[in-house]
Structures are given as C-alpha cells and as structure tokens.
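Here are my notes on the model you sent, as numbered points.

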Amino acid sequence: MGGKIFVTKPKNAIQAIDVIIAFAVNACASDIHIDPNRDDIKIRLRIDGIVECADTYGTSLHPEIISRLKILSGARTDIHFVPQDGRWRSTVIDRDCNFRISFMPTYHGENAVIRILSADRESLTISGLGFNSCHAKMISDANRLQNGLILVTGPTGSGKTTTLNACLGEKVKEPISVITLEDPVEYEIVGARQIHVRHDFGVTFASGLRSALRQDPDVIMVGEIRDSETAHIAVHTALTGHLVYSTLHTNSAVEAIPRLIDMGIDRYLLSSTLRLIVAQRLARRICQNCTMVGCELCRNSGYRGRIVIAELLGIGGEVRNALYSKDTNDLNETILRNGFVPMHRDGDDKVASGLTSTVEIMRLTDNYAYEENQKKGNDNVF
C-alpha cells in the first residue's frame with residue numbers, strides 16, 4: 001500500500017481507532033482487519049477486493065483496541081472466548097457511515113473485522129454499476145415485470161446484493177409493496193420494508209418468507225437461496241403472482257439451473273417462474289489518473305474502483321422450452337443459439353475499452369478452462 005497509517009505512534013486506543021477508520025474511509029476500503037500475531041498487530045484493509053497490509057505495531061495496544069471497539073459496537077467487553085457481532089454509526093470525514101464488526105477469538109487473541117457501509121452513498125443505478133447497454137436493458141426489462149423469479153449469482157464479494165438493491169431502488173418508485181429479507185440488512189432502501197433474518201430467534205429466510213407473504217407484498221427480495229425449503233417457497237411465491245429477487249452462489253448463470261434442480265425444484269416450475277439469471281464479478285478499474293503507471297490516488301496499484309463484468313441468461317422462448325430437457329448439451333446449445341454471451345467476453349470488451357486489464361479478467365473468470373477450450377476450438381464455455 002505504501003507508507004504507514006500512523007505518522008507517530010498512537011497514544012491510546014481511541015486515537016488508534018480514529019486514525020485507522022479515517023484512513024480506511026478515505027481509501028474507500030470495504031473492510032478493516034485487525035489481526036493479532038505473536039510479535040505484532042497487523043492492520044489490513046480490503047480495497048477494491050484486495051486485502052493490503054496498511055500498518056503494523058506492537059501488541060500492547062491490542063486489548064485496548066478490542067475493548068474500545070466492543071464499547072462502540074455494543075458487544076460484551078467481558079466475553080473473550082466466543083464470537084460476537086456488533087454495529088455502530090458515525091460520521092467520518094463528512095461521510096455518514098455504518099460499521100458492522102465481527103469479533104473472533106484466535107490463538108493470539110481476538111481478531112476483529114469491520115465492514116464499512118457508507119450510509120450516504122449516491123442512489124444506485126444498473127448503468128452506474130458498469131453493466132453494458134445490452135445487459136442494462138435486459139435487467140430493466142425484467143425489472144418491469146409483475147411476477148417471476150430474478151436471480152443474481154456469483155461468489156461472495158461479487159456485488160450481488162448491490163445489484164439487487166439497484167433493482168429495488170427502481171421498484172420502490174412504483175405504487176407497490178416491497179419487502180426484503182436480508183442477513184444482515186446492510187443498506188437502507190427507502191420505501192421498502194426490510195427484515196433482518198435472525199437465525200438465533202428462528203427467523204430464517206424460509207420462515208421469514210412465509211410470514212412476509214401475509215404482509216400483502218408485490219415484490220419480495222430474499223437475500224440468498226441457501227436450501228431446498230427456501231428455494232421451494234421462493235419459486236411458489238413467484239408462481240402465485242409475486243416478483244421475487246434472490247441470489248445463489250454459483251460460478252455462472254447456467255449453473256443456477258442445475259443448482260435449483262438439485263434443490264428439488266421441478267423443471268416445469270423453473271420454466272414457469274424463471275425470468276432472468278445474472279452472473280457477475282467485480283473487476284478492478286484501471287486508474288484513470290495514471291493508467292496503470294501508479295500514483296498516489298491508486299496507492300501505486302494501477303487500479304482505482306471496480307466495475308461489474310457479467311453474463312445474463314434471459315429465460316424465454318426456446319430457452320424456456322429447453323429447461324424441460326435433461327440433456328445438458330441440448331440446453332447449452334439452445335442457450336448459445338439464442339445469443340448468450342459468456343462472461344469473459346464482457347470482460348474482453350471492457351479491456352478493449354480501457355476500463356480494466358486482461359490480468360483482472362483472468363483472475364476473476366475460469367481462464368484456464370477458457371484457454372483450454374479455445375485451443376480445442378470449443379466456444380461452449382460455461
């Protein structure tokens with residue numbers, strides 16, 4: 001990252017935390033890691049998806065820092081050997097921020113990870129997230145539907161919730177009732193009723209979804225389909241006239257279909273309810289100030305900010321009929337024949353536009369499988 005957070009050694013935990021948080025917010029970090037080791041404490045920041053070491057200092061300050069963070073977040077200061085969670089809100093560098101923290105006991109003491117959530121961020125839009133014009137239109141068209149199931153897939157940290165929030169930001173402008181089930185609620189969506197899933201009190205995605213249906217919703221967002229029960233309720237909710245948004249942890253758009261089938265969803269139900277599947281990653285943007293040379297703004301990394309790369313699978317016409325087939329090759333051929341563009345091609349387009357680099361696209365996509373298939377002349381890469 002270059003340089004130290006502390007120009008001088010902090011005098012106490014309050015000063016240390018204030019400086020760390022101010023530095024992280026200014027650097028647009030998403031997470032702060034406070035990692036105790038045998039000989040020192042490492043302060044690491046996740047910036048644009050990459051964890052970087054920002055500073056190290058002696059272990060003597062560690063207990064005070066943990067206690068201070070627990071006081072700020074409402075966690076128990078007298079508990080040190082079980083995990084705890086907490087949150088607080090404050091203004092940092094004229095920005096209204098929400099902080100969510102997790103404490104975890106480790107061999108060298110309690111580890112703390114702070115998630116930084118900007119409460120005053122600008123309104124999200126699909127085009128503003130970096131979707132190309134074709135993808136943005138597909139999402140906007142699906143977003144205007146009155147019923148069905150819209151899925152966003154990808155690994156943790158790929159921006160799935162952000163995409164859904166952008167969709168819901170448009171839906172709440174309509175004269176309808178919008179309910180969300182989230183674990184946890186990260187950003188406020190004005191106009192929606194947001195429910196925090198609490199497994200410790202029996203409020204799961206499945207049970208919460210059942211209860212939400214009695215609240216007269218038109219649109220429901222389920223934070224994640226994790227199990228067969230939630231999948232069944234979500235699909236039947238979409239079948240009965242509601243528009244349902246959710247996420248799945250799959251590497252590609254096509255993989256969402258066998259994942260739902262493995263969860264026990266019948267093919268005819270998928271054909272009747274699925275409207276759109278979005279698979280995405282977040283690629284680091286090339287710094288426009290230095291164009292990869294390295295400068296103070298990008299901390300000499302060559303990158304500043306992130307942009308979405310995606311593949312979208314619209315479910316309609318031939319693709320809908322192909323869902324009935326148990327032949328995977330038949331489904332793949334039908335999808336390609338209907339204009340499906342694999343994610344790496346969206347990445348290639350953004351490399352050509354100077355928005356990101358080939359190295360980033362290869363880091364985020366299954367580049368090995370892609371290269372091997374290209375050698376064989378096979379373009380069927382999912």
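1. In this predicted model, β4 pairs with strand β5 (residues 95–106) in the antiparallel sense, over 9 bridges. Within that pairing, S90 has C97 of β5 as its bridge partner.

2. The open sheet of 6 strands runs in the order β3-β2-β1-β6-β5-β4, with antiparallel pairing. β3 (50–57) and β4 (84–92) are the edge strands; each has a single partner strand, so one side of each is left without a neighbour in the sheet. From one strand to the next, the twist averages 20°.

3. Strand β12 (residues 274–286) has 12 of its 13 residues buried, so the rest of the structure largely encloses it. Buried here stands for under 20% relative accessible area.

4. What are the partners of β12? Strand β7 (residues 148–153) runs parallel to β12 and is joined to it by 5 bridges; T153 stands opposite A279 in β12. Strand β13 (residues 303–314) pairs with β12 in the antiparallel sense over 10 bridges, and R281 has I309 of β13 as its bridge partner.

5. Which residues line the second largest cavity? They are L145, Q146, K171, E174, I176, D218, V219 and L243. Sorted by class, this lining comprises 4 nonpolar, 1 polar and 3 charged residues.

Definitions and conventions:
Residues are numbered from 1 along each chain as its sequence is written. This is a predicted model: local features need pLDDT of at least 70, side-chain atom pairs count only at pLDDT 80 or more; totals for chains, interfaces and linings use all residues. Side-chain values use heavy atoms; hydrogens and water are left out. On a 1 Å grid over the protein atoms alone, a cavity is a set of points where a 1.4 Å probe fits but cannot get out, and a pocket is an open set with protein on both sides within 12 Å along at least five of seven lines; lining residues have an atom within 4 Å of a point. Ala, Val, Leu, Ile, Met, Phe, Trp, Tyr, Cys and Pro count as nonpolar, Asp, Glu, Lys and Arg as charged, and the others, Gly among them, as polar. Two strands pair if DSSP finds at least two bridges between them. Helices (H or I, at least four residues) and strands (E, at least two) are DSSP runs, numbered from the N terminus. Axes are lines fitted to C-alpha atoms, for helices over the stretch in contact, and angles run from 0 to 180 degrees between N-to-C directions. Buried means under 20% relative accessible area, exposed over 50%, partly exposed in between (1.4 Å probe, protein chains only).
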